[in-house]
Structures are given as C-alpha cells and as structure tokens.
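Hello,

Here is the structure I promised to pass on to you.

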Amino acid sequence: MHKRFHTNPQAPVSPRQGTTSPYLIELQRVTKQYSTPAGTFTAINEIDLQVEAGEFVAITGKSGSGKSTLLNMITAIDTPTAGAITVAGVAVHQLSQNNSAIWRGTNIGLVFQFFQLLPTLTVVENVMLPMDFCNTYPTGERRERARMLLDRVGVLDQADKVPTLLSGGQQQRVAIARALANDPPVVIADEPTGNLDSHMADATLSLFQELAAGGQTILMVTHERTVTDWVSRTVNLADGVIIADSLITDRVPREVSYV
Ligand SMILES: Nc1ncnc2c1ncn2[C@@H]1O[C@H](COP(=O)(O)OP(=O)(O)O)[C@@H](O)[C@H]1O
Ligand SMILES: [Mg+2]
C-alpha cells in the first residue's frame, strides 16, 4: 500500500519528529482521563494501535466505550492524558491548539453523523471552505476542484443549492467531498451512516471503500452490522480498551489478536 504523506508548506513543522513510524497512524499507550464530580474517569486506558496507509478501519463498541474520545485524540481535537500519537510523522499529542486547526485541515478529512454543512453557503462553497481556511490550492482553482469532488461523489448537479434542499444521503456526500477538499491522507468519520437509510449507508460505505483503494486511510465509528462487507479491519472497544482487532481478507473475517 502506498503512503500518501501530505506536504503543505504552511503546516506547522515543529512537532515533526526525528523518529519515523512505519505506520501512518500510531498510538502508544494512550490514556484519556476525565475529571468528574465523582472522581477521575478513565475513558481510554493505555491503548496501542497501528494503522497503515490504505486501511479502512471500522471502530465498533457500545455507547460510552470510548470511540469518539479515541478519534478526537487522533485528530488533535482533544489531547491524551498520557501516551503518544503519531499521524503521518507528526506527534499530534504535542500540537498546540493554534497549530492543530491548520494541521487538521490539511491532514484529516472529518465526516460527522449530522453532516454539519454551513446552511448559508451553497454546496460548492461548503466544499471550498477547507481550501480557503488552509490556503491550500490557488484561489482561482478552488471552485473547479470543489466541483470535481462533487462530481466524484455523485452530487455535482446540486452544487449551487443550499444544503437544506438536499436529502440526507446527498448532504453526507457533500460532507465527504468537503472532507476530501485538501486531499488529506486520513479521513475520520464518527457514525457517518447513523442518519442514513440502508441504501444511502451502503453507498457511503462503498465510497469510503473506493477512497481506501486509492490509498486514503479511513477510520470510521459505526454501528452498521454489515460493515464487514466494506471495511478491511474492525477494532472493537469496550470500557476504553481494544478487546478485538480483526483483519478482513476477501470479506471473510479473520481474527488476528485478542487482548
Ligand atoms: N468531557 C467529558 N467529561 C467526562 N466524561 C466524558 C467526557 N467525554 C466523554 N466522557 C465519558 O467517556 C466515556 C467515553 O465517551 P465517548 O468517547 O463519547 O464514547 P462513545 O463514542 O464510544 O460513545 C463515556 O463514559 C463518557 O461519558
Ligand atoms: Mg461517540
């Protein structure tokens, strides 16, 4: 699988480590604790995880098992209490809040359950937004690139509408086009099919599968039961630890390890 390291002259370089991880994403003994009125709560407990470029990983587990907390640390939205997280050679646990937004904008495509498109912008303007925010493509090329991405996800004919005029499935496709705006090596999706009917959910999973085949790395939290039809690996969380990690080869599940 080829690696797609993103180089952006404006990305902060200070956290780039001398050490090189052979993995696109690597977590080493990552712990996240929250202070609550009842005391310290451990949401993620010393997790180790390695993901290679081009993997399509489903993260599964009951509500409260730590799935969103895990993704939020990989995207540097949140910082771990202990441990190290490397994404494409960047020690993301060391990124400052100031630097993390631009780093995330160029390296991570985010897809959410409720799409989170800006209602006052047209569809094509929503897709242009990450390019504007991170100043990644020449101003005069951004609209054409956004239209190309909308075409790729099958909703180019909706480009000049506002998002609320689109169906849920169409809005999620726009959100995926927006996630791809800066050609990030990693796409992170937290329950992207949670608000879609089964047909649109399958279409979304199929699209992710295509992206992974093209070398993009997908981490997706999901409750879909048929997810093994699409993903290359499932990681199952319970109470902040990985209880199963399975590679799926030729759509036949194969257990690789149990903790
Ligand atoms: N900011 C917070 N403060 C305190 N506890 C939190 C906070 N965020 C999440 N938690 C707790 O951490 C656990 C894991 O949450 P989360 O990662 O959202 O789980 P999941 O996404 O698997 O449903 C839950 O018990 C949740 O209540
Ligand atoms: Mg969650």
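Does Thr79 count as buried, partly exposed or exposed? Thr79 counts as partly exposed because it has 16 C-beta neighbours inside 10 Å; a residue is buried with 20 or more other C-beta atoms within 10 Å of its own, exposed with 12 or fewer, and partly exposed in between, the C-beta atoms being placed from the backbone.

Before the rest, a word on the model. It is a predicted one, in which local features need pLDDT of at least 70 and side-chain atom pairs count only at pLDDT 80 or more, while totals for chains, interfaces and linings use all residues. Residues are numbered from 1 along each chain as its sequence is written, and chains are lettered from A and ligands numbered from 1 in the order in which they are written.

Back to Thr79: you will find it in the loop between α1 (67–74) and β4. Helices (H or I, at least four residues) and strands (E, at least two) are DSSP runs, numbered from the N terminus. Leaving out residues up to four places away in sequence, Thr79 touches Met73 and His93, where contact is defined as C-beta atoms, placed from the backbone, within 7 Å. His93 lies 14 residues from Thr79 along the chain, and their C-alpha atoms are separated by 5.7 Å.

Now the chain as a whole. There are six helices and eleven strands, and 43% of the 259 residues count as buried. Of the contacts between residues at least 6 apart in sequence, 68% join residues at least 24 apart.

The largest nonpolar core has 67 residues, and Val57, Val127 and Ile218 have the most contacts inside it. Such a core is a set of buried Ala, Val, Leu, Ile, Met, Phe, Trp, Tyr and Cys residues joined through C-beta atoms within 7 Å. Among the residues that Val127 touches, not counting those up to four places away in sequence, are Ala146, Leu149, Leu150 and Val174.

Helix α2 (residues 97–107) has several buried residues, including Ser100, Trp103 and Arg104. The elements that cover the buried residues of α2 include β4 (82–87), β6 (108–112) and α3 (123–134).

Happy to go through any of this with you.

Best wishes

Definitions and conventions
Contact = placed C-beta atoms within 7 Å.
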